[in-house]
Structures are given as structure tokens and as C-alpha cells.
Amino acid sequence: MNLIEVKNLNTYYGESHILRNVDITIRSGEMVCLIGRNGVGKTTLLKSLIGLLKPRTGEILFEGDSIIRDRPHQRARSGIAYVPQGREIIPYLTVEENLTLGMEALQGGIEKNKRIDPFVFELFPILKDFLFRKGGDLSGGQQQQLAIGRALLGRPKVLLLDEPTEGIQPNIIKDIETAIKRIINETGIGVLLVEQHLHFVRQADRYYAMQRGGIVASGPTSELSKDVISKFLSV
Ligand SMILES: Nc1ncnc2c1ncn2[C@@H]1O[C@H](COP(=O)(O)OP(=O)(O)OP(=O)(O)O)[C@@H](O)[C@H]1O
Ligand SMILES: [Mg+2]
């Protein structure tokens, strides 16, 4: 089933035309990767999906229904979770408090949902060890794990991840890769991942390549050619 279907999307910043006629789909249980050089519009696409940016034309369907007029919190409640580039955890709140914020997306919000699903600690044991540390005292990789854990606690149907391995030590990149594969296998959600690390990109089922705001190539990652890799990944 298509979780997300984007049709002919055009997003602008003021008068600058960023996304150009973007069409993508994300299905349940699959990992889709969005690749492209710096500044082509990858983050703009994710922000358009979650409602932080308002596309000028085009359509976004979530499980078949239009969400283009829904506000960000409504889209979060519908089941779209987002891990922003740069993570954006709250530095002065503890790990536990940061995680709890993720449950705002649940029915009843954080008032009615207090228990942290232990699946998050299974995926990222460090978060349990550091439950009472301040978010700002964690390493970049640990903060990334916290941001993914927080997003998962909203029990999303689709998870959007914007460069989760950017600036992170290689051993933690592996942990994050493993966790994302486990999340997909064990919960059946769909994942859209913006990623630059080739090894991680290859773990995805399908890819879309973006250039100047348009999707210029797509297909199964098993068919990623050297040409596409050198054009769209900075490796
Ligand atoms: N708030 C903004 N106002 C105006 N232009 C912006 C704004 N944010 C981004 N842009 C421009 O929009 C274009 C797309 O930016 P976007 O952040 O979507 O790229 P990206 O593919 O995510 O890049 P990166 O790989 O560096 O994260 C860029 O040319 C950028 O300069
Ligand atoms: Mg970006």
C-alpha cells in the first residue's frame, strides 16, 4: 500500500522555485533513500511532507487521503514522524524528557501517554543508561539515536530521516543502520531517508535522485550504477 504519494509538487522559498514537479511514493515496510548533492532540495521535500513548508502546487496523499491542507501537528498525529537534519534535541531537557516529547504525536498527547516503549531501549541501550543526563551532554551519535527514539515514540506509520549519519562516528553509523532496518522489519513502517553514505544507501530498497529540485533518476538500489553514485553522492 502507498503510505505517501507525492504528485507534481512545487515548493518555493519566496520567489525561488526549489522543488520542481516532484513525484515520489513510499510504501509500508520499505526503506526509500533520497540522494542528491548539497542544496538540491532534499530537506525542502521533507519539510513539505510534514507541513513546515507550504507547496505552491501539487498533491500529497497519506494512505490515499490528501493531507496538503493539514497542519504539521495534524500530520504528526496521522503518523508522519520526522527526524530533522541536525537532530534538534532539546539540550537542557534530560534524555527521558526528550523522549517523552515524542509521545505528543499520540492520541491524548503527553498528558495521557507517559510510558516509554521499551523497544526504544532495545534499539538504543545507551538511552536507558543515560536516561537522566541532559540531551546537550550526549555525543552527536547519541543525540541522533535520541532523535530517532523520540520520533518512534509517536508510533508513526512513516519515518522521515534527514541525514541521520551526517558528522557521526563510523561505529555509531553502523548502530543506526542496524536500528533502522530493525524498525522496518519489526514494525512494518515505511522510511524515507536522506543519506550520503553509500553503504547505508545500499541498504535501502529503492532510491530517488534529486537534482535542482527535480527527481532525475529512481529505481531499486540494487541497480544503482557507478554513474548515478558519482553524480548524486559526495563519495
Ligand atoms: N529558509 C530558506 N530561505 C530561502 N532559501 C532557502 C531556505 N532554506 C533553503 N533554501 C535554499 O533552497 C535550496 C534547497 O535547500 P535544501 O535545504 O532543501 O537542500 P538540501 O538538498 O537539503 O541540502 P543539504 O544536502 O545541504 O542539506 C538551497 O538552494 C537553499 O539555499
Ligand atoms: Mg538538507
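Ligand 1 is surrounded by Y13, I18, R37, N38, G39, V40, G41, K42, T43, T44, Q85 and E163, where "near" takes a heavy atom within 4 Å. This is a predicted model, in which local features need pLDDT of at least 70 and side-chain atom pairs pLDDT 80 or more, while totals for chains, interfaces and linings use all residues. Residues are numbered from 1 along each chain as written, chains are lettered from A and ligands numbered from 1 in written order, and side-chain values use heavy atoms, with hydrogens and water left out.

**The ligand's surroundings**

- By class, the shell has three nonpolar, six polar and three charged residues; here Ala, Val, Leu, Ile, Met, Phe, Trp, Tyr, Cys and Pro are nonpolar, Asp, Glu, Lys and Arg are charged, and the others, Gly among them, are polar.
- Helix α1 (residues 42–50) gives the most to this shell, with three residues; helices (H or I, at least four residues) and strands (E, at least two) are DSSP runs numbered from the N terminus.
- A polar side-chain atom of Q85 sits 2.9 Å from an oxygen atom of ligand 1, and one of E163 sits 3.4 Å from an oxygen atom of the ligand.
- The protein covers 59% of the 640 Å² of accessible area that ligand 1 has on its own (Shrake-Rupley method, 1.4 Å probe).

**The four-stranded sheet**

- Four strands make an open, antiparallel sheet in the order β2-β1-β4-β5; two strands pair if DSSP finds at least two bridges between them.
- β2 (16–27) and β5 (65–66) stand at the edges with a single partner strand each, so one side of each has no neighbour in the sheet.
- Strand β1 (residues 2–13) and β2 pair over eight antiparallel bridges, and T11 stands opposite L19 in β2.
- Helix α1 packs on this sheet, touching β1, β2 and β4 (57–62), and its direction makes about 115 degrees with that of β1. Contact here means heavy atoms within 4.5 Å, and angles run from 0 to 180 degrees between N-to-C directions of axes fitted to C-alpha atoms, for helices over the stretch in contact.

**The six-stranded sheet**

- Six strands form an open sheet with mixed pairing, in the order β6-β7-β8-β3-β9-β10.
- Its edge strands, β6 (80–83) and β10 (214–220), each pair on one side only.
- Strand β3 (residues 31–35) and strand β8 (residues 190–194) run parallel over four bridges, and the bridge partner of M31 in β8 is V191.
- Helix α8 (residues 170–187) packs on this sheet, touching β3, β7 and β8, at about 135 degrees to the direction of β3.

Methods
A polar contact is a pair of N or O atoms within 3.5 Å; within protein, one must be able to donate a hydrogen and the other to accept it, and residues adjacent in sequence count only if both atoms are side-chain atoms.
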